[in-house]
Amino acid sequence: MGGNASKVTAQDKAILDMKNQRDKLHQYQRRITILTDKETDIAKQMLAKGDKKRALLALRRKKYQESLLAKTDAQLEQLEQLTSNVEFAQIQKDVVFGLQQGTKVLQEIHAEMGGIEHVEKLMGDTADAIAYQQEISDMLGGRISNHDEEEVEDELAALEREILGSKEPKLPTVPNSQLPQQRVAEDVQEEAPVERQATLAS
């Protein structure tokens, strides 16, 4: 089931080997550091006992261990630099591969579009079609009279009413009955002569 992405390449194995060697050098450095500290303690003990000869021998062994430690530091620095360079080269390879794939896809898209010439022709055809439509509009606008234009607008309004189902608004009906104030005024006018006659009779 594993694909090529999970396969360990020779480059991956080489990087792993370099990292293992780096770890071994670190372990070796720790052992040498322990030995140099031990030789220092031995030299102090021998001096405390008055055995200067053995103290000098311990310091010589310490000096030798320190020289080995210096060589190990140089080897470790070179190994770490080499490991970093290889890892960075792998990253660069992946970037280049990604650029190649992206360029390939971009070229395929351009091919589907028909290339620059096809795009330019399409844009030219579109511009010609727009110019032709504008020319027709200008010709029609120049030939239609004002009267015809009004009829066209009236027809458009009629179509809008037909589509929207709108109807002309109806005017409100005028009531036939008299207003209450008018009836009161007439009643007052009818009652006035009666009251005047009653006054004269009294």
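Tutor: Let's start with exposure: buried means under 20% relative accessible area, exposed over 50%, and partly exposed in between (1.4 Å probe, protein chains only). D17, at 39% relative accessibility, therefore counts as partly exposed. This is a predicted model, where local features need pLDDT of at least 70, side-chain atom pairs count only at pLDDT 80 or more, and totals for chains, interfaces and linings use all residues. Residues are numbered from 1 along each chain as its sequence is written, and side-chain values use heavy atoms, with hydrogens and water left out.

Student: Which residue meets D17 in a salt bridge?

Tutor: Side chains of opposite charge can pair when their charged atoms come close. The rule for a salt bridge asks for a side-chain nitrogen of Lys or Arg within 4 Å of a carboxyl oxygen of Asp or Glu. Here K13 meets D17 at 3.4 Å, N to O. Both lie in helix α1, four residues apart, about one turn of the helix; helices are DSSP runs (H or I, at least four residues), numbered from the N terminus.

Student: How many salt bridges does this rule give?

Tutor: The count comes to five. One of them joins E39 and R61 (3.0 Å, N to O). E39 lies in helix α1 and R61 in helix α2, so this pair ties together parts that are 22 residues apart in sequence.

Student: Is E39 buried or exposed?

Tutor: E39 counts as buried, at 11% relative accessibility, while R61 is partly exposed at 34%.

Student: And what about R54?

Tutor: R54 forms a salt bridge with D51, with the closest N and O atoms 3.4 Å apart. R54 is exposed at 54% relative accessibility, and D51 is partly exposed at 25%.

Methods:
Helix = DSSP H or I, 4+ residues; strand = E, 2+ residues; numbered from the N terminus.
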